[in-house]
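Below is a briefing on an annotated site and on selected salt bridges. Please read it alongside the structure.

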Amino acid sequence: MFELCWEELVNMNQLHPVERIPLSENVDKSLLEITAIKENLPNTEAIPVEPLSNTAIFSPDHNSVSSSNAAYIPSSLPASQNWTGLHDFNVSFAPQEKNTKGVSWTYSSIKDKLYVRKDAPCPINFSAKNMSFNVDIRAMALYSSPEHASEVVRRCVNHSMNELSKEVFEAEHLVRCESQMASYKIDPTTKHHSVIVPFENPPAGQQFSTYIYKFTCYGSCAGGPNRRPLMLIFSLEREGKVIGRRKLDVKICACPGRDKKTEEKQSGIEVAPGMPLKRKEKEMINLCDVLDFTKSIYLPPVKKKKSNAGPPYSVSMTDPKCYEFLTNMKKLFDMCNAVNNLPPNIKALMYATSQKNNQESD
């Protein structure tokens, strides 16, 4: 009797392969049949089977895990790696006629960094090849330090208060574009701010299109960037899909020319000849050490000239340090007179030697 019941139970609950898991309807039906058998055969024991729904299923043939509730989660950190793409997307800056401390913006090719004043118009050139369709350029400011990379870059309250009172949408946006077609966006997931402009074809005879950008807060403003390093991400997009990207660092400061020269000097890289740096102040050294090379030069005796001056002057003092100082000044004065009376060839030799020593010391 037991063997007969077991054969009926096996026939009704055939083993299924892993790839063909029974549906919940079939499982429920099997449960009803097993329950009926248990009522007819009280000596048998049936194990209920729970329906499989909304659970991960492993398939040995495909070696993968799938889930019916899986969803795509975008990254909270936007990409910041340079990528020219298929259309050779590039960002450049026009050379400046003057490179002084008073410039409103300047670009360092050594640091790959833009230095710009607050609210100063900055022309930026964009180029792309083989553009036969409509694309957009998105500009986004991010913090370059890892500990602040996921935070949103906002203006400080002091500079955004006026526009916030007028309910301007882009009141807290740091990056602005001076274009009538510019639109300001806030990412629904990461909340990062960005400005989008349609990419216009370059004019005839020109390989790039120029847009004017402004930065509406200092990098040192408390409650805003707060001295945290910034970077700009320019992305070329077609229907929301990125097809090119360019990243560069940016510093919004009061004196772009000065900060550029200072940071280039600190980087230890030699600057081009057209970009002179302020000479480092020399330490105080002994005058005799500077003119030590004159010991090997024969100086002809100086002829004494008749002086129309009156009797010699004398100065009396009680401070020994002041007396020693004036004595050294008298020696220096006599030495300068002796050098001025030297022949021209000796003066040229002394000048060339001093220039050589200055170059070696620098």
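**Annotated site and salt bridges**

Cysteine 221 is buried, at 11% relative accessible area (buried means under 20%, exposed over 50%, partly exposed in between; 1.4 Å probe, protein chains only). This is a predicted model, in which local features need pLDDT of at least 70, side-chain atom pairs count only at pLDDT 80 or more, and totals for chains, interfaces and linings use all residues. Residues are numbered from 1 along each chain as its sequence is written, and side-chain values use heavy atoms, with hydrogens and water left out.

**Binding site**

- An unreviewed UniProt entry places the feature "binding site" at Cys156, His159, Cys217 and Cys221; positions follow the numbering used here, feature names are shortened, and annotations may be inferred rather than shown by experiment.
- These residues are spread over 66 residues of sequence, yet they cluster in space, with a largest C-alpha distance of 9.1 Å.
- Cysteine 221 lies in the loop between β11 and β12 (strands are DSSP runs of E, at least two residues; helices are runs of H or I, at least four; both are numbered from the N terminus).
- Beyond four places in sequence, cysteine 221 is in contact (heavy atoms within 4.5 Å) with Cys156, His159 and Asn226.
- Cysteine 217 is buried, with a relative accessible area of 0%.

**Salt bridges**

- The structure holds 14 salt bridges (a side-chain nitrogen of Lys or Arg within 4 Å of a carboxyl oxygen of Asp or Glu).
- Glutamate 151 and arginine 228 form one of them, at 2.7 Å from N to O.
- Glutamate 151 lies in the loop between β7 and α3 and arginine 228 in the loop between β11 and β12, so the pair ties together parts 77 residues apart in sequence.
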